[in-house]
Amino acid sequence: VLFAAFVALIATVMCGLLPGAHVVRLAIAEGMKGRATAVRTRWMRAGAREALIIVQVTASVALLLVSTLFARGLAAGASASPGFVTDGVVTVGVDLGTAATRTPYALAERVIDAVAAVPNVDSPSTAYIVPLTGTATHFVIGEPNAPSESKREVDGNVVSPGYFSMVGMTLRHGRDFTEADKDGSQPVAIVSEALARMLWGATDVVGRTLSLGRQSAPVVGVVSDIKYRTVSGPYAPLLYRPFAQVPGPRFFIHARTRGGGETLAAMAAAPRAGDPRIMIDALPLEQRFEVVRAPERLAGWIGGAVGTIQFSLV
């Protein structure tokens with residue numbers, strides 16, 4: 001839309017300048033000969049120019065409407081609820097980097113414990129990704145030897161116990177992950193309502209089994225839907241796995257705090273005190289979310305402004 005608006009703006013200027021320049025040159029030449037009436041007659045006969053102006057005005061009106069709808073759509077999407085709570089939650093992005101060993105969960109546990117030990121930090125939980133920030137985690141549902149067309153790739157997240165309540169998601173059926181869902185125990189999964197409907201046509205699907213490659217994971221819970229990739233898009237079908245069963249070197253710690261900036265700084269410093277190779281990125285969840293919503297809002301403002309400006313030049 002922005003590209004079309006730019007093209008229409010250039011077209012508007014050209015459609016106005018070219019005939020105008022022609023008239024000026026013609027008026028000077030004919031005026032010097034004393035034939036001003038001939039100028040008006042010749043201009044009125046320029047049917048092609050009139051048609052060009054009519055087409056340009058029509059295109060400008062259409063583009064103005066499209067730009068307005070585009071801007072309103074982006075603005076509505078940017079202000080829509082993502083399905084989870086951002087206010088009051090702080091996040092600490094952790095990249096274990098070269099500090100990670102073949103068993104990164106042990107180091108991840110130490111990092112989480114270090115953050116939990118910071119005063120005024122309540123019940124930290126972890127997640128692979130923060131939705132709506134441009135990152136995603138994928139899972140393939142299907143038997144390992146099944147034809148590719150029978151498999152499904154779905155988005156999701158890897159989270160620890162307490163994550164859902166931390167971000168204000170509602171457990172619709174079943175249970176949350178627990179400390180018993182660890183490496184070596186029965187693989188389990190939690191699905192969103194949208195994924196439950198997509199796979200089984202219902203939401204109360206606790207006890208159903210998912211084939212995740214060479215693993216079979218029973219569904220132990222169903223949680224409320226959230227926006228995942230874009231806040232203006234539909235609710236995404238999502239699959240969740242427990243962090244202890246699928247540990248990774250990069251994750252986000254979510255927590256609620258009763259302190260200010262000093263607490264956030266302490267949360268960022270605590271993991272690095274044990275190993276300076278660990279990379280930390282600490283931000284309030286609302287601020288992390290705003291960074292992602294800003295381009296959509298800016299695009300909406302630019303789209304509406306360009307459409308209005310180019311129409312005013314007609």
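A residue counts as buried when its relative accessible area is under 20%. In this predicted model, F251 has a relative accessibility of 1%, so F251 counts as buried. The same cut-off will be needed for several of the residues below.

Helix α4 runs over residues 104–116, and at 1.5 Å a residue its 13 residues should span 18 Å; the C-alpha atoms at its ends are 18 Å apart, which agrees. The buried residues of α4 are P104, L107, A108, V111, I112 and V115. They cover an arc of only 140 degrees around the axis, which puts them on the same side of the helix. An α-helix has 3.6 residues a turn, so residues three or four places apart point the same way. On the face of α4 turned away from this buried side are R110 and D113, both exposed.

Next come the aromatic rings. A pair of aromatic rings is described by the distance of the centres and the angle of the planes. There are six aromatic pairs in the structure. In one of them, the ring centres of F164 and F177 are 6.4 Å apart and the planes are at 40 degrees, so this pair is tilted. The pair links distant parts of the chain, 13 residues apart: F164 belongs to helix α5 (residues 163–166), while F177 lies in the loop between β5 (171–174) and β6 (189–192). F164 has a relative accessibility of 3% and therefore counts as buried; F177, also at 3%, counts as buried. For F243 and F251, the ring centres are 5.3 Å apart and the planes stand at 65 degrees, so the pair is edge-to-face. F243 is buried, with a relative accessible area of 2%. Both F243 and F251 belong to one aromatic cluster, together with Y105 and Y128.

A ring can also face a charge. The charged end of K227 sits over the ring of Y235, at 5.1 Å from the ring centre.

Methods: Residues numbered from 1 in each chain as written. Predicted model: local features only at pLDDT ≥ 70, side-chain atom pairs only at ≥ 80, totals over all residues. Heavy atoms only, no water. Helix = DSSP H or I, 4+ residues; strand = E, 2+ residues; numbered from the N terminus. Expected span 1.5 Å × (residues − 1). Buried < 20%, exposed > 50% of the residue type's maximum accessible area, 1.4 Å probe, protein only. Arc of directions from axis to C-beta. Phe/Tyr/Trp six-rings, centres within 6.5 Å; stacked < 30°, edge-to-face > 60°. Lys NZ or Arg CZ within 6 Å of the ring centre and 35° of its normal.
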